[in-house]
Amino acid sequence: MKARRSWVAWAALAALTAFAVFVLPFQFPLSLPVSSEAYAAGENNKVAAIAVVLLSVLATAVLWRWGRSHDADVSPHQSQLGWRWLAAMEAVALAFTAGLGSLMVRAGDDYGEAAYFLAQLETGLRLHRTIYRGFEFAYGPLLYAWPAFWVKALTPLHVSSAAAYVVALALMQLAGFGLLFYTVNALPIARSLKMVANIAFLLGSLSPSLGLNYSIFRFLCPLAIVVSMSRRKTVAAAALVAAAGVAVNFAVSPEMGIGFAAACAAYGLYRGTISGWSWLTVAGAGLAGGTAFAWLGGPAYFLTMRNLAHGGFNLIVAPEPRTIALLVAVVALAPVAVARWLRAGQTLPAETAMLLGIYCIALSLVPVALGRCDAVHEYFDGLAAFLLSLVAVNAAAQTQGSRVRARVWVGCVVFAAVLNQKAAQHLYWESELMLIVPDRQEDASQGVDVQALERVLGGEPVILVNDVPPAVHRKLLADGLLAPSYFRAMTAVWDQSAEQKKIEDMRLARFALLSMGGVANPPQDWNSDGTVRRWAALGLHYRQKRSPYVPGFLLQDELRANWVVAGAFGEYVLYRRLR
């Protein structure tokens, strides 16, 4: 009878989650026009994220209060993986990053996400602009300062900026997989599950984008510091780790800092109720550090997070297999893991507080995962939840009756990692092939006669409206002919306020360079979208209800009113300001 009631409860939770994630968001459409597929469909991804967090917390509370008595049987003593595992992981990560990075350097082409970081580095280092205030930067200052350090250090040795960037990325990847190994080894799961976790997340996290934003260091940093905090024996030591950790995580990325600050609060409150109220110092240290960093960074530091919160660049939250796997991890299995340990918390307070902190990080990253809602974000921002899910099935894996279900879920975790790698390779395969096979490489300048362009400029700087070939960008920069702009290109412009900022920067320059096709692209053909087309074939129809904001129309009006064509160069047109 109890087993039947349990299945009914889980079925009800699944149905409620499905309604809250796939139906309810369409009842509260976004009001601010943004460049977003979700906006066009009338979906509000924030509603789905809030619902998932609330349902997860509710499930945790119910399982904690009314869980079965044997659910409190936990054991922190699990065998560890040896250093040879770490050495093998680091070797694979180094070979992948250095191999693909060397191809990029040899080709002389800024590739993938590396192109964004290299362009921002050049803006800061060579145009002497300040991140956040002088130019847009979507991540924490560490992801700028770290490669900037290596560019400065290696330039006297005649090492190119691209090669220095690859060195910085490779070292960050090595540190990230070290944090993965450290975190997984600290989890109360069997040795076999630790092997699976390390292998799966290693293979899933070797991103072909070559972007620091997809280094696993960024996503494991808050988890590893929570583990370190749980191993401190005194309040002072734990508070010191919390204060340093919140600074490091805010330096990595805004959402990581917020998640770690929440983890510190939960950690301190829980340890305070179990081990003495002096542990509240940990919560205070985390919150004070987060507040100080937010004050120093100012509103500009949170610009990209604010744009995403407004719905910019959001995709439709559809019942994709990867999305369902994430929901199961967050709403069902993470609560099982946390509730089981909460019931045994008085005997194992440090380990329980550690898992509670990781849980808070997992919840804080749900809005990011379901906001962008592509395979990459759901995987990386779901890592904390997937790790907790392995804690949940650890006991089941040792039980004869539940072993099959545990193995099925472990297979789902591996599948999520494989899906992420598959999606990344699909996105970058053509670019990788151009790096691997030199004959497939296009003209580095794509037909742009830079010398002719510079003659027309006559020594005056030009502002770039669209992305230009890296070779053109580097030549203009080296000759001192690039005018600074807050937004590097229109790819970073998602709403009207951002486009107006781009226009204001243009008015400070005499020349502007943009692509031959203009800047206002027509809205995407709804029927050509993969998600929409795939689910329509299965009877689930997503209809375009509104036209998304299309960057460029305001800029076209500005060009017609105040600019005149000064020349054409390959695929680009040069405009001169009239007044």
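Student: Which side chains meet in a salt bridge with an N to O distance of 2.8 Å?

Tutor: Let's start there, keeping in mind that this is a predicted model. A salt bridge needs a side-chain nitrogen of Lys or Arg within 4 Å of a carboxyl oxygen of Asp or Glu. At 2.8 Å, N to O, the pair that meets this way is Glu 378 and Arg 322.

Student: How many residues apart are Glu 378 and Arg 322?

Tutor: Look at where each partner sits. Glu 378 belongs to helix 17, which covers residues 375-380, while Arg 322 is in helix 14, residues 321-342.

Student: What does Arg 510 form a salt bridge with, and which parts does the pair tie together?

Tutor: The N to O distance for this salt bridge is 3.5 Å, and the partner of Arg 510 is Glu 460. Because Arg 510 is in the loop between helix 22 (496-506) and strand 2, and Glu 460 is in the loop between helix 20 (450-457) and strand 1, the pair ties together parts that are 50 residues apart in sequence. Arg 510 is partly exposed at 36% relative accessibility. Glu 460 is partly exposed as well, with a relative accessible area of 32%.

Student: Why is strand 2 largely enclosed by the rest of the structure?

Tutor: Strand 2 covers residues 511-515. Strand 1 (residues 462-464) runs parallel to strand 2, with three bridges joining them, and strand 4 (residues 572-577) pairs with strand 2 in the antiparallel sense over five bridges. Strand 2 is largely enclosed because the number of its five residues that are buried is four.

Student: In strand 4, which residue is the bridge partner of Ala 512?

Tutor: Ala 512 is in strand 2, where Ile 463 stands opposite this residue. Turning to strand 4, the bridge partner of Ala 512 is Tyr 575.

Student: Which residues touch the most other members of the largest nonpolar core?

Tutor: In soluble globular proteins, nonpolar side chains tend to be buried together. Here the largest nonpolar core has 143 residues, and those touching the most other members are Met 104, Phe 137 and Phe 201. Apart from that core lies another, of 20 residues, among them Val 465, Met 506, Leu 555 and Val 573.

Student: Which residues make a nonpolar surface patch of about 250 Å²?

Tutor: One member, Phe 19, is found in helix 1, residues 2-22. Phe 19 has 41% relative accessibility, so this residue counts as partly exposed. The patch is made by Leu 16, Phe 19 and Val 23.

Note on methods
Residues are numbered from 1 along each chain as its sequence is written. This is a predicted model: local features need pLDDT of at least 70, side-chain atom pairs count only at pLDDT 80 or more; totals for chains, interfaces and linings use all residues. Side-chain values use heavy atoms; hydrogens and water are left out. Patches are made of residues with over 30% relative accessible area and no salt bridge: like charges are joined within 9 Å, nonpolar side chains (Val, Leu, Ile, Met, Phe, Trp, Tyr) within 5 Å. Accessible areas come from the Shrake-Rupley method with a 1.4 Å probe; for residues, only the protein chains shown count as cover. Helices (H or I, at least four residues) and strands (E, at least two) are DSSP runs, numbered from the N terminus. Buried means under 20% relative accessible area, exposed over 50%, partly exposed in between (1.4 Å probe, protein chains only). Two strands pair if DSSP finds at least two bridges between them. A nonpolar core is a set of buried Ala, Val, Leu, Ile, Met, Phe, Trp, Tyr and Cys residues joined through side-chain atoms within 4.5 Å.
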